[in-house]
Amino acid sequence: MPRLSDETREERRRHILTSAWRCFSRDGFHATSMDDVITATGMSSSAVYRYFRSKDDLVLAAADESLTLVRNLFSGLLEQRPTPSPAQVVAAMVAELRDRDPEQGDDLRRIAIQAWGEALRRPELAERTRSFYLEVRDSLTELAGRWREEGRLGPQADPEAVASVLMSLMPGLLVGRYLVDPVSVDRMVEGLSALASAFPPGQDGDGL
């Protein structure tokens with residue numbers, strides 16, 4: 001039997017992954033069996049197990065890939081010159097959920113919500129998820145630092161605090177997209193502006 005090329009192996013591995021993602025997105029991690037995934041691939045069980053030893057391996061791969069979508073969004077913003085404004089960053093976050101072709105990521109964004117719950121019961125996934133979000137926070141902190149240097153934020157603004165707020169928006173946007181109502185860029189910016197006006201500079205939590 002001829003050996004498969006690296007390109008063919010990667011194509012088959014990717015096919016298995018995307019098939020698993022569709023199953024996970026539709027039925028959830030726990031209701032999806034390995035047999036469901038094998039059926040979705042149209043491949044033999046031995047061929048699938050050659051690439052992934054278990055459903056747990058597929059769950060970890062799906063969670064990693066869903067997190068990568070978020071990381072790529074913020075790393076791309078960080079690389080842009082001139083630095084995108086805060087409003088442009090919020091717009092990019094909203095557009096990531098609104099504009100992407102379902103075949104290119106909608107399944108994975110639904111999986112991201114499931115992965116948060118799975119991380120609470122699986123230490124390995126919890127550690128990977130924590131490391132990932134710390135990396136994202138570092139990228140957002142760098143963005144906020146640039147905004148302060150450029151005068152878009154006040155000189156006393158704490159880049160880490162700004163990063164924490166921005167990082168907290170993405171889970172809310174996902175919940176809105178899939179469980180409540182999608183939020184528009186205008187509504188998001190309007191709400192953030194209204195909140196900002198309710199917290200005068202220098203006011204801390206003890207004064208609320």
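How many helices and strands does the chain have? The chain has 9 helices and 0 strands, where helices (H or I, at least four residues) and strands (E, at least two) are DSSP runs numbered from the N terminus. This is a predicted model, in which local features need pLDDT of at least 70 and side-chain atom pairs count only at pLDDT 80 or more, while totals for chains, interfaces and linings use all residues. Residues are numbered from 1 along each chain as its sequence is written, and side-chain values use heavy atoms, with hydrogens and water left out.

Start with the whole chain. Of its 208 residues, 38% count as buried, meaning under 20% relative accessible area with a 1.4 Å probe, protein chains only. The accessible surface comes to about 12100 Å², by the Shrake-Rupley method with a 1.4 Å probe. Carbon and sulfur atoms account for 51% of that surface.

Next, select residues 86-98, helix α5, and residues 159-179, helix α8. Their axes, lines fitted to C-alpha atoms over the stretch in contact, come within 10 Å and cross at roughly 30 degrees. That makes α5 roughly parallel to α8, the term for angles under 35 degrees between N-to-C directions.

Now show the side chains at this pair. On α5, pick V90, M93, V94 and L97; on α8, pick L166, L169, M170, L173, L174 and R177. These residues make the contact, defined as heavy atoms within 4.5 Å. By class, the contact has 9 nonpolar, no polar and 1 charged residues; Val, Leu and Met are among those counted as nonpolar, and Arg is one of those counted as charged.

How values were computed. Axes are lines fitted to C-alpha atoms, for helices over the stretch in contact, and angles run from 0 to 180 degrees between N-to-C directions. Angles under 35 degrees count as roughly parallel, over 145 as roughly antiparallel, 65 to 115 as roughly perpendicular and the rest as oblique. Buried means under 20% relative accessible area, exposed over 50%, partly exposed in between (1.4 Å probe, protein chains only).
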